[in-house]
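Open the model in your viewer and keep the sequence panel beside it. The tour below goes from one selection to the next.

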Amino acid sequence: MAIKVDVSRLPNSLKEIIISAFEHKSILQKQSNIHKNTIILDHENDVLRIKQILEDTLASNQVNDYMVAENSQQENEIAILKKGDIEQLDIFICAHCGMLFDSELQRIIHQRIHYFF
């Protein structure tokens, strides 16, 4: 199993930070592939762990204008997106859990669930 990390919307300097974080944690192995816009982590199956590493990396490097989100249409794919540009791509993200939605109405309905739990 492999996990893909979409870095297509990141500047080169931020891509290097992400790659360095994976190398530092020994996640990026020789079998893993780094394409221009996608990092493929072979032999990884814990999406939540990879997502947490990405969130920690962004926070530790004081990168506050990007967020980590799972792709709802592709299994085992994570994207790093700029917060202000997300709605322009017709992607709506839950502020509580990071889940992606196709419309603002779906997101609002979902977010109401968080208030009950």
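Predicted model: local features only at pLDDT ≥ 70, side-chain atom pairs only at ≥ 80, totals over all residues.

Contact here means heavy atoms within 4.5 Å.

**The whole chain**

Zoom out and colour by secondary structure. The protein has 3 helices and 7 strands. Read from the N terminus, the order of elements is β-α-β-β-α-β-β-β-β-α. Of the 117 residues in the protein, 40% are buried. Among contacts with a separation of 6 or more, 47% join residues 24 or more positions apart.

**The helix pair**

Next, select α1 (residues 12-24) and α2 (residues 47-60). Two packed helices are described by the angle between their axes and the distance between the axes. For α1 and α2, the angle is about 125° and the axes are 10 Å apart. The two helices are therefore oblique to each other. Their crossing is right-handed.

Which residues in α1 meet α2? Show side chains for L14, I17, I18, A21 and F22 on the α1 side. Their counterparts in α2 are I50, I53, L54, T57 and L58. By class, this contact has 9 nonpolar residues, 1 polar residue and no charged residues.

**I50**

Stay in helix α2 and centre on I50. Is I50 buried or exposed? I50 has a relative accessible area of 0%, and is therefore buried, the cut-off being under 20%. Leaving aside neighbours within four places in sequence, display what I50 is in contact with: I3, V5, F22, I27, L41, E44 and I78. F22 is also one of the α1 residues in the helix contact. For a distance label, pick the C-alpha atoms of I50 and V68, which are separated by 10.0 Å and lie 18 residues apart along the chain.

**A2 and its contacts**

Move to strand β1, residues 2-6, and select A2. At 28% relative accessibility, A2 counts as partly exposed. Its contacts beyond four places in sequence are I40, L41, D42, E44 and N76. L41 and E44 are in contact with I50 as well. Draw a C-alpha to C-alpha line from A2 to N76: the two are 7.2 Å apart in space and 74 residues apart in sequence.

**Two positive phi values**

Most residues other than glycine have a negative phi. N76, which is not a glycine, has a positive phi of about 60°. N76 lies in the loop between β4 and β5 (77-82). At 15% relative accessibility, N76 counts as buried.

Then select Q62, in the loop between α2 and β4 (66-70). Phi of Q62 is near 55°, again a positive value in a residue other than glycine. Where N76 is buried, Q62 is exposed, at 68% relative accessibility.

Terms used
Residues numbered from 1 in each chain as written. Heavy atoms only, no water. Axes fitted to C-alpha atoms, helices over the stretch in contact; angles between N-to-C directions. Helix = DSSP H or I, 4+ residues; strand = E, 2+ residues; numbered from the N terminus. Parallel < 35°, antiparallel > 145°, perpendicular 65-115°, else oblique. Left-handed = near helix turned anticlockwise from the far one by under 90°. Nonpolar A, V, L, I, M, F, W, Y, C, P; charged D, E, K, R; others polar. Buried < 20%, exposed > 50% of the residue type's maximum accessible area, 1.4 Å probe, protein only.
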